[in-house]
Amino acid sequence: MNYKMVCIDMDGTLLNSQKKLSEINKIALKKAYDKGVHIIICTGRNTNSARYFSHLIGIKSAAIANNGAIVLDEDGEVLLFKETLNKEQCIKLLEVGKKFKATPNFHGLGKIYLDSKLRKIVNDLFFNRKVPETFKIKNIYYKSGSKFWNELFSNESESFGKCIFTERRSKLALIEKEIINGDFEITYSGKHCLEINNKGVNKGRAVKLLAEHYNIKKEEIICIGDNGNDISMIEYAGLGVAMANGTEAVKAIADYITESNDNNGVAKVVEKFILNKE
């Protein structure tokens with residue numbers, strides 16, 4: 001098969017356990033890109049993180065962020081597709097956070113809004129350390145109960161791709177139970193990360209829309225991931241790939257299982273199915 005697009009999750013897939021992009025993965029992806037293959041970062045992370053790692057690979061490709069809520073063009077400037085949380089949904093999640101003493105992170109375009117000074121500091125360190133100014137994420141703190149939250153959610157110029165709670169698993173279970181019957185798409189991107197999007201938003205849908213934009217058939221697409229929020233795109237792809245370090249649920253629906261993220265599993269897939277190395 002002549003594959004024309006590769007969609008790659010970031011954490012646990014493209015990045016190793018130290019959250020780094022290996023030189024081996026970088027070289028393989030750049031070679032595939034130079035052959036004319038679309039290399040698409042497809043992440044639950046913010047738009048700026050997706051753009052930054054495309055930059056590190058040395059490519060100009062569209063990027064899928066916030067689990068498929070936002071799709072940016074090759075220059076990172078034009079929104080190709082957008083399906084965001086509305087004001088009522090955001091207020092509901094803010095109230096749920098207050099009820100369970102949990103901190104919701106609301107992802108805007110290149111921004112994250114949150115009601116914890118400590119989490120703001122943690123986010124600054126995690127997302128912005130050694131990152132060029134162009135790709136830094138602006139973490140913005142608003143005090144819980146502040147009038148600024150309602151003003152923010154009423155601002156039509158702002159878009160919220162997703163909300164994420166990073167808490168202990170028992171607390172996440174309570175949050176999930178509280179919102180399970182609402183108009184939300186709920187996935188886990190890790191043991192302690194609950195990700196919430198608008199109903200119907202997922203990576204698989206975004207990959208499908210982007211493929212149609214490029215006039216690429218699903219049989220010509222490879223999708224690679226490791227966690228629950230990757231299942232929809234792995235199921236959609238012509239070749240759905242799970243990482244060796246992925247969850248059992250992901251492995252169960254994959255067509256192929258590659259090596260772990262610490263053993264350059266992404267490069268192994270690209271070399272085998274696109275660069276034709278054995």
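A: At the start of helix H5, a side-chain oxygen of Ser-146 comes to within 3.1 Å of the backbone nitrogen of Phe-148. That is a polar contact: a pair of N or O atoms within 3.5 Å, where, within protein, one must be able to donate a hydrogen and the other to accept it, and residues adjacent in sequence count only if both atoms are side-chain atoms. Helices (H or I, at least four residues) and strands (E, at least two) are DSSP runs, numbered from the N terminus.

This is a predicted model, where local features need pLDDT of at least 70, side-chain atom pairs count only at pLDDT 80 or more, and totals for chains, interfaces and linings use all residues. Residues are numbered from 1 along each chain as its sequence is written, and side-chain values use heavy atoms, with hydrogens and water left out.

Now the helix itself. H5 covers residues 147-154, and its buried residues are Trp-149, Leu-152 and Phe-153. Seen down the axis of H5, these buried residues fall within an arc of 90°, so they line one face of the helix. Buried means under 20% relative accessible area, exposed over 50%, partly exposed in between (1.4 Å probe, protein chains only). The arc is taken from the directions from the helix axis to the C-beta atoms.

What covers that face? Helix H3 (87-99), strand E6 (104-108) and strand E7 (111-114) are among the elements covering the buried residues of H5.

Follow those strands. E6 and E7 belong to an open sheet of six strands, ordered E8-E7-E6-E9-E11-E10, with mixed pairing. Its edges are strand E8 (138-141) and strand E10 (184-190), each pairing on one side only. Two strands pair if DSSP finds at least two bridges between them. Neighbouring strands of this sheet are turned by 25° against each other on average, direction ignored.

Take one pair. Strand E9 (residues 162-166) and strand E11 (residues 193-198) are antiparallel, with four bridges. Ile-164 has Glu-195 in E11 as its bridge partner.

Contact means heavy atoms within 4.5 Å. Axes are lines fitted to C-alpha atoms, for helices over the stretch in contact, and angles run from 0 to 180 degrees between N-to-C directions.
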